[in-house]
Amino acid sequence: MKNNSNYSQVPSRFDTEDEIFIICMSETEEFPQYITNFNDIVGRYDNRLISLDYKNLSLDSVRQRLNGDLINIEHHSFINSRLMRRNYQYSVILHSNSGKYVHPFIFYTGSLPVEKVDYLNDVMIFNPNWFITREVDGNIRLNNILYKINENIKLNVYDCFDLIWLPKFNINMEFDECVLKCISLLKDIPMDYKLRLIVEKSYSLWLGKSVLDENELEKARMCFTMSELKLRPFEEQFRDAMMDNRFRRGIDISESKLIPVLLKFKSPEEISKECDIPLERVLKYVEMSK
């Protein structure tokens, strides 16, 4: 994260892609198969928060195959030698603690080219498997989704993963254009309710990450089919994603722009405390909005 004064106004660190990765990994059984192509994966989502065995590791996900082998899937939106060494250490510790063979995977959502070879690879110590989203043909995946919509064919769980990660695939649209295009399709897409909820959760976060125009934001949010009761728990995540995106892009947001946006999600007292802005200044904007 950049070290500048703007970041002091952000209540907490928020990584949109990590959040969406965790949604897919924790709320579906099939996402590890989508990444690995292994069709013999058993067991639920596991990481250090819910596993006594791995509580001292910052693992993104550990799964097991029918033959007992372990699968460690790590998400990265950028890669460097330090991260490669860390992933290598994860595999070594998992093997040492369990005595089982470990299949390391990297779910990479960053830009290309990606340098996959460093010292560890050069000496043949560590050679993880990669799922690189930018190497997936997004136009083919989108056409498949559009075909199923036109034919009223239900999207399966793997189609939904394609839809969720489509903005990170190789597609002939800008990121925000792709997000808005996919959101415009949400009401017309035939899928199970549980899958729809996962897709809409993910797109509420993509929307906050990529779209800056307030009118576009509100228009896009009207396309979600989740009830207000279901959508409300994700409003804060959506707000954080939107704020995270703006600060990461280095956009200077004055109080006159920041406070009206935050008032949609937070009380004046919360804004004052979290953003270190005097309460009386926040209350002025409340009065102005009446």
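Of the 290 residues in this protein chain, 50% count as buried. The model you are looking at is predicted, so to speak of its features is to speak of a prediction. Let us walk through it, from the whole chain down to a single residue.

**The chain as a whole**

The chain is built with 14 helices and 5 strands. Its exposed surface comes to about 15,100 Å², and carbon and sulfur atoms supply 48% of that area.

**How confident is the prediction?**

The mean pLDDT of the protein chain is 79, and 77% of the residues reach 70 or more. Confidence is highest in helix H6 and lowest in helix H10. Here are the mean values for these two helices:

| Helix | Residues | Mean pLDDT |
|---|---|---|
| H6 | 157-165 | 98 |
| H10 | 228-231 | 49 |

**Two helices side by side**

Now find helix H7, residues 175-185, and helix H8, residues 193-210. At what angle do H7 and H8 pack? The angle is about 145 degrees, and the two axes lie 10 Å apart. H7 passes H8 in a left-handed crossing. On the H7 side, the contact is made by Phe175, Asp176, Val179, Leu180, Cys182 and Ile183. H8 contributes Tyr203, Trp206, Leu207, Lys209 and Ser210. Sorted by class, this contact between H7 and H8 has 8 nonpolar residues, 1 polar residue and 2 charged ones.

**A closer look at Thr225**

Finally, turn to Thr225, which sits in the loop between helix H9 (214-221) and H10. Is Thr225 buried, exposed or partly exposed? Its relative accessible area is 37%, so Thr225 counts as partly exposed, because that class runs between the 20% limit for buried and the 50% limit for exposed.

Which residues does Thr225 touch, leaving aside its neighbours within four places in sequence? Thr225 is in contact with Lys187, Arg196 and Glu200. Take Arg196 as an example: Thr225 and Arg196 are 29 residues apart in sequence, and their C-alpha atoms are 8.6 Å apart in space.

Key
Residues numbered from 1 in each chain as written. Predicted model: local features only at pLDDT ≥ 70, side-chain atom pairs only at ≥ 80, totals over all residues. Heavy atoms only, no water. Axes fitted to C-alpha atoms, helices over the stretch in contact; angles between N-to-C directions. Helix = DSSP H or I, 4+ residues; strand = E, 2+ residues; numbered from the N terminus. Left-handed = near helix turned anticlockwise from the far one by under 90°. Contact = heavy atoms within 4.5 Å. Nonpolar A, V, L, I, M, F, W, Y, C, P; charged D, E, K, R; others polar. pLDDT = per-residue confidence, 0-100. Buried < 20%, exposed > 50% of the residue type's maximum accessible area, 1.4 Å probe, protein only. Areas by Shrake-Rupley, 256 points an atom, 1.4 Å probe, with all protein chains shown as cover.
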